[in-house]
Amino acid sequence: MAKKETNCSFCGSPRSSVNMLIAGVNGHICDSCASQASKIVQEELAGSAITKQATELGLNLLKPQEIKAHLDQYVIGQQDAKKVLSVAVYNHFKRLQQKTSENEVEIEKSNVMLVGRTGTGKTLLAKSIAKLLNVPFCIADATVLTEAGYVGEDVESILSRLLQAADYNVESAQMGIVFIDEVDKIARKNDNPSITRDVSGEGVQQALLKLLEGATVNVPPQGGRKHPEQKMISIDTKNILFICGGAFDGIEKLIANRVNRQTIGFSSEHDESIEQDSLLKYIAPTDIRSFGLIPELIGRFPVLTYLEPLKAADLKRILTEPKNALVKQYTKLFDMDAVKLDLDQEVLDFIVDKAMEFGLGARGLRSICEAILTDAMFELPGSNKKTLHVNLDYATKQFSKSKIATLKVA
């Protein structure tokens, strides 16, 4: 009786038709099936670290509406910006959880460009997103970046800060969020070629490209300039979300020229008056290019949105409503010294009026509050006074003594 030939337990191929048949406890596997199994295992493991960390962050439960609801607790107004940013972040982390394979569509990164005047909430939006997702976050100032070889910071120093924020955990840093502020300050100074290098303008834009598109970058762990003997850490930027923000002063004129209207008080096709403050809602990548950012850099930011200028009503809500509202912060500070802080409504209106007068947006609110409350914060700790009632006369007197009262609006 002929001996029965052994077959592969997976594909059923007989021993005679394969190069190798590996024996197991209860079955066999041929070399072809083993090779395919190895590829499957590698593909699964390639995305397992990212998928595991993304799951631990609870991103499966955070839909765009939930992300926006979180932002609403910290950022007043800016509904369009919050909606766009929520969708971009949600899609970015869906991309991280995507299992990579040759046959699947590869989803590109959703880097975000935020355009808005100073003090409208660009940095706060980025910070709030990072806090929600519990990922490493860093802020980089584009104004200190220069082209490699010149005095200033290399663009790689941005990743050094992110690495430090991640406690030097490379895997964690590679899922972080980087906010690059004042990106409008690295715009090309003009379109005319010059023998003088624009080392803090177009040169920096070119250097940023490889970070934004996804590349493995050697980063000095302590920051600073690179030198040949320095130990480097490799960071892959393909899964780092970049958010850029800038005031882009004067871009309203470029928008107005593009839509063939006057900058102030022009009429639309429906004879509706459109104020200068409303022009940013019509912003397009072509306006950013006209301002001085190179097309290659703009292309790395597929998501472009704007932040509306803050009105007096918005500033008053910022003072009192968010979880981290300034009034709540100062109330807590005084409460830690067993002092109850009581602010009249007229004082809140006074703070808002001064913030509007100085044109610093929400950022100016804290400076004005500090000017009014500094003397009290100096004198009350350790005293027997248990209540601080701030009325309009007190606020006006304290503010008039401060240095900020002598400033003029630019």
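The structure is a prediction, for which local features need pLDDT of at least 70 and side-chain atom pairs count only at pLDDT 80 or more, while totals for chains, interfaces and linings use all residues. Residues are numbered from 1 along each chain as its sequence is written, and side-chain values use heavy atoms, with hydrogens and water left out.

Of its 410 residues, 43% are buried, where buried means under 20% relative accessible area, exposed over 50%, and partly exposed in between (1.4 Å probe, protein chains only). Contacts (heavy atoms within 4.5 Å) also give a view of the chain as a whole: among those between residues at least 6 apart in sequence, 68% join residues at least 24 apart.

Five strands form an open sheet in the order E4-E5-E8-E3-E11, with parallel pairing; two strands pair if DSSP finds at least two bridges between them. Strand E4 (137–141) and strand E11 (303–306) are the edges, each pairing on one side only. From one strand to the next, the twist averages 20°. Within this sheet, strand E3 (residues 112–115) runs parallel to strand E8 (residues 241–246) and is joined to E8 by 4 bridges. Leu-114 has Gly-245 of E8 as its bridge partner.

Two helices lie across these strands. Helix H3 (residues 79–97) lies across E3, E8 and E11, at about 160° to E11. Helix H5 (residues 156–165) lies across E4, strand E5 (177–181) and E8, at about 155° to E4. Axes here are lines fitted to C-alpha atoms, for helices over the stretch in contact, and angles run from 0 to 180 degrees between N-to-C directions.

H3 also packs against helix H2 (residues 64–72), at an angle of about 135° and with the axes 8 Å apart. The two helices are therefore oblique to each other; angles under 35 degrees count as roughly parallel, over 145 as roughly antiparallel, 65 to 115 as roughly perpendicular and the rest as oblique. Residues of H2 that take part include Ile-67 and Leu-71, which face a group in H3 including Val-87 and Tyr-90.

The contact involves Leu-326, Gln-329, Tyr-330 and Phe-334 of H12, together with H14 residues including Leu-365, Cys-369 and Leu-373.

Thr-120 sits in the loop between E3 and helix H4 (122–133) and counts as buried because its relative accessibility is 5%. The Thr-120 side chain reaches the backbone oxygen of Arg-117 at 2.7 Å. Leaving aside residues up to four places away in sequence, Thr-120 touches Gln-78, Leu-307, Glu-308, Pro-309 and Leu-310. Ser-402 lies in the segment after helix H15 (392–401) and, at 14% relative accessibility, is likewise counted as buried. The side chain of Ser-402 reaches the backbone oxygen of Phe-399 at 2.6 Å.

Technical notes:
A polar contact is a pair of N or O atoms within 3.5 Å; within protein, one must be able to donate a hydrogen and the other to accept it, and residues adjacent in sequence count only if both atoms are side-chain atoms.
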